[in-house]
Amino acid sequence: MIKLINEKVYYSSSRGIVPAGEAGKDAYKNTIAYSILSSHNVSGNDQELQIKFDALASHDITYVGIIQTARASGMDHFPIPYALTNCHNSLCAVGGTINEDDHVFGFTAAKKYGGIFVPAHRAVIHSFAREMLAASGNMILGSDSHTRYGALGCMGFGEGGPELVKQLLSRTYDVHRPEVILIDLEGEVRPGVGPHDVALAIVGAVFKNGFVKNKIMEFGGSGLKNLPVDFRAGIDVMTTETACLSSIWETDDEIRAYYENHRRPEAFRALSTNGVAEYDGAVVIDLSTVEPMIALPFHPSNAYTIREFTKNADELLGNIESEIFDSFGLRVPMREKITSRGVRADQAIIAGCAGGTFDNLTAAADILGEGCLEPSAFHLDVYAGSQPILSALLENGVASRLTSAGAVIKTCFCGPCFGAGDVPSNFGLSIRHSTRNFPNRDGSKPREGQMASVALMDARSIAMSAKNGGIITPADEGADEIKRYAYHYDPKIYEKTVYFGVGKPEKDAKLVLGPNITDWPSQQALKDDLLLEVASYITDEVTTTDELIPSGETSSYRSNPLRLAEFTLSRKDPGYVGRMKKLKGYSATELSEKLAAFGADPEKVTFGGAVAAKKPGDGSAREQAASSQRVLGGTANVAIEYATKRYRSNLINWGMLPFTLADPADFGKFAVGSLLYVPGVKEGLEKGESDFEGKLLTEGKLETVRLSLGRLTKDERDIILRGCLINYYAAK
């Protein structure tokens, strides 16, 4: 089904994979990725890139902090198109007025600084960006990890807020030239197989081995022409779950027609390799062999064919029971979902940037038909990605067919994905066409005994399962009736509701700040030496951003750094916040006693807390996973490796040192309360050094550990030295 090639590969858009001898000199420059990156690079160096993007996008749990940071750093207008969507705190149901206060802030900011404001319930951020921002050959930076528009020929990067701040200040996104991996699509999918099936198969093949981590995935191959645009976009948005940096696809007449339908024909550009291109590896996929898939809790890479899952349900669900007990001490009876007819789900959701596309919902309606839904605990809810999509479904009668079959159509909203809507019941099993199924996501609070399990599936198999009364069933069993419907985009929907102020800032407009919107607390510059006290020690193989700062119930406080910080690590290590407050309140005498063990000078030492975790930062791009630690007095993370570039970048932009251990075995020497002293860290950063020697004191035992900060640009070093991005720009 999928073959990985871990060596140089040579490919031509017109001829496919070819022998190495057909490539010319510097063939790496012939990839689509290279052409787009180089056209946006202002460094003059094709190895150390400084990228300026064409547009920005944020939603309502990130844009307040971004704009507040940019204002504090000297921004007086948006220099490029910046879309502020409102698809996360849309319900305005938590925290009194503060959700709508954020929306008012966003609207007044769009007027004052010249941006785009998309009111609540009009569109999911990535649906709007596909419809209105993406253009072939362009680049978009979004403060959401699923910023992926590669299927439209537009390279999307999902990063933490400070990276958008840099663009708002006309600065650059700095990155070493990434490797490029060819994704060679061959053949044609069988009826009943959808984009999530292909995506989950890819994620399952490449995530755990890091095959595409921090690399660009470039899609091509003869099978591409057989995939409609929504199908491509559905695969593309899930590339985030591979841990790749970004994605890009060849474009063709399907993409041309998409832009023409959306009244933006000028946005199309034909993209293909420039002759024979050199890639750093390849993933070869025979689409005809892909079966309906299911990603079991608790990661999209935990992928199986649905047939394999149902055949081995007792074993696989038993493994999930063991994982839940080992991680949280909860006994969750997952195997009770097994019935004489198969495994029964309690809930089904088709939603968001991955699930709520026109083609997914029309396919679901065709499969569901008259439906077999009846009054029971099981239910099916669907969320269109945008109002234009919903309008088209109303116009062609699909919406009526869905509701008549028993499905419930809900607003354009990202809530189910992160736990702010359709939260499953305790111990429930939800099947979802959405992006993630982490253990602390989708509303679960396992530390409080609340545990729901989410399995990812394609909309087609979800509809087939709903038709079968909630029994998990692959859609290729009787799915021949699926038709392809024409989609007619209605531009009036956005013309009547969306504020388009690009290039028209009203500098005298009043910026309205509700009572929950506060400025970032000030941060201190780094001193000569560093002393860290480990306030949390996490031994999980991977720590997600949802565990570092929970989603769902915290979303209303993203515009208030101090209130948000109270939730830091609450689902993973509830004692962390208390420990941080304690160490931040040490008296001079208490601190001197700790420094005395290393003979350190209190006047020359920055003292702060640290999180030690094996591989932190998988998942969301939310900067708050780092900034909340910083607000509490966090100064560094110590890790074996970082799960994503975006989390590491968030640490740097908030003035925190992203240490890794030269010897992974040293991780076992840490514990909560360990003291790590790193002398000469300021001088080392100023000289461009990356490797440091630390003294680790754990339970009276003093040892030496070798630390690395990895590759840092000069600006990144300066940001850490200044204490955070805001200080860095204030000094400028």
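Some ground rules. Residues are numbered from 1 along each chain as its sequence is written, and side-chain values use heavy atoms, with hydrogens and water left out. Since the model is predicted, local features need pLDDT of at least 70 and side-chain atom pairs count only at pLDDT 80 or more, while totals for chains, interfaces and linings use all residues.

Okay, cysteines. How many disulfides are there? A disulfide is a pair of cysteine sulfur atoms within 2.5 Å, and the count comes to zero. For C244, the nearest cysteine sulfur belongs to C353, 14 Å away. C414 has its closest cysteine sulfur in C87, at 3.6 Å, which is too far for a bond. C414 is also buried, at 10% relative accessible area; buried means under 20%, exposed over 50%, partly exposed in between, using a 1.4 Å probe and protein chains only.

Next, helix α13, residues 387-395. Helices here are DSSP runs of H or I, at least four residues, and strands are runs of E, at least two, numbered from the N terminus. Its buried residues are P388, I389, L390, A392 and L393. After α13 comes G397, with a positive phi near 85 degrees.

Last one: where does R436 sit? In the loop between β23 and β24, and it's buried, at 1% relative accessibility. Its side chain makes a polar contact of 3.0 Å with the side chain of E241. That term means N or O atoms within 3.5 Å; within protein, one must be able to donate a hydrogen and the other to accept it, and residues adjacent in sequence count only if both atoms are side-chain atoms. The R436 side chain also reaches the backbone oxygen of G619, at 3.2 Å.
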